[in-house]
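Here are a few exercises to work through with the model open in your viewer. Try each task before you read its solution.

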Amino acid sequence: MKIVAAEFLTSAVNPGGYPPGDLPEIAFVGRSNVGKSSLINRLVNRKGLARTSSTPGRTQLINFFKINDRFIMVDLPGYGYARVPEEVKARWGKMIEGYLKNRENLRGVCLLLDCRHTPTAQDIQMYRWLQYYRLPAAVVATKADKLSNNQWAKQQSVIKKTLSLAPEHSLIAFSAETGRGRDELLDVIKDWLQADQPRNTEQE
Ligand SMILES: Nc1nc2c(ncn2[C@@H]2O[C@H](COP(=O)(O)OP(=O)(O)O)[C@@H](O)[C@H]2O)c(=O)[nH]1
Ligand SMILES: [Mg+2]
């Protein structure tokens with residue numbers, strides 16, 4: 001898939017602020033500072049589209065970016081940042097869950113993990129949650145430029161084991177620095193968009 005146009009659409013804290021219309025959406029979720037904004041910038045090859053920060057916990061909004069006038073990339077607020085009050089954490093959790101659970105035009109979710117770390121309890125919980133709601137998903141291991149091939153081979157099995165990764169979910173090594181994994185991830189996203197399966201958001 002070739003990305004020829006990318007523009008910031010809007011930021012939202014609740015469903016009232018989500019962009020109207022029914023373009024399919026692809027969401028990116030993960031711990032604060034895992035590299036979500038950098039990944040989006042690399043996918044569209046535009047450094048300043050999504051704001052990146054070396055200070056974790058900055059993005060407290062859901063950011064929507066329109067791609068090729070065809071679909072929307074959604075940068076969800078990062079979870080797991082320790083230095084915020086419980087009340088704020090609860091609000092973030094609700095924001096993320098509310099979006100993932102109810103957004104009808106959601107077509108796929110990328111769960112981002114730092115390739116160097118063992119997935120945290122929250123990462124595991126998020127992964128289970130995506131499975132529970134049967135959302136098409138992929139696991140993306142970010143900052144892959146920080147590991148040698150050997151180290152990555154080892155980390156790959158740690159991540160697979162810790163998550164009990166299902167065979168239908170790809171694990172993609174990604175680097176916003178080098179562009180590693182970009183084509184592979186864009187292929188996965190293209191498949192989700194082509195499948196265009198309407199979601200059943202009704203509770204069982
Ligand atoms: N070496 C390296 N650093 C990265 C990569 N992706 C992100 N970072 C750094 O990690 C920090 C957090 O990135 P950001 O995209 O803002 O994370 P977010 O909070 O998940 O949106 C920044 O200092 C980035 O420069 C990567 O692929 N390689
Ligand atoms: Mg960010």
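Buried means under 20% relative accessible area, exposed means over 50%, and partly exposed lies in between, with a 1.4 Å probe and protein chains only. This is a predicted model, in which local features need pLDDT of at least 70, side-chain atom pairs count only at pLDDT 80 or more, and totals for chains, interfaces and linings use all residues. Residues are numbered from 1 along each chain as its sequence is written, chains are lettered from A and ligands numbered from 1 in the order in which they are written, and side-chain values use heavy atoms, with hydrogens and water left out.

**Exercise 1.** Decide whether Arg182 is buried or exposed, and list what Arg182 touches.

*Solution.* Start with the location: Arg182 belongs to helix 5, residues 182-195. Helices (H or I, at least four residues) and strands (E, at least two) are DSSP runs, numbered from the N terminus. Next, take the relative accessible area of Arg182, which is 16%, so Arg182 is buried. Finally, look for contacts (heavy atoms within 4.5 Å). Leaving aside residues up to four places away in sequence, Arg182 touches Arg42, Leu43, Asn45 and Phe174.

**Exercise 2.** Work out which way the residues of strand 4 point and how strand 4 pairs with strand 2 and strand 3.

*Solution.* First, the general rule: in a regular strand the side chains alternate between the two faces of the sheet. In strand 4, Phe71, Met73 and Asp75 point one way, Ile72 and Val74 point the other way, and all are buried. Then turn to pairing, which requires at least two DSSP bridges between two strands. Strand 2 (residues 25-30) is parallel to strand 4, with four bridges, and Glu25 sits opposite Ile72. Strand 3 (residues 62-67) is antiparallel to strand 4, with five bridges; here Ile67 has Phe71 as its bridge partner. These two strands make a hairpin with three residues between them, and Asn68 in the turn has a positive phi of about 55°.

**Exercise 3.** Find the strand order of the sheet and explain why one side of strand 1 and of strand 7 is left without a neighbour.

*Solution.* Trace the open sheet across its seven strands: the order is 1-3-4-2-5-6-7, with mixed pairing. Strand 1 (6-12) and strand 7 (171-173) are at the edges and have a single partner strand each, so one side of each lacks a neighbour in the sheet. For strand 7, three bridges make a parallel pairing with strand 6 (residues 137-142), and Val140 is partnered by Ile172.
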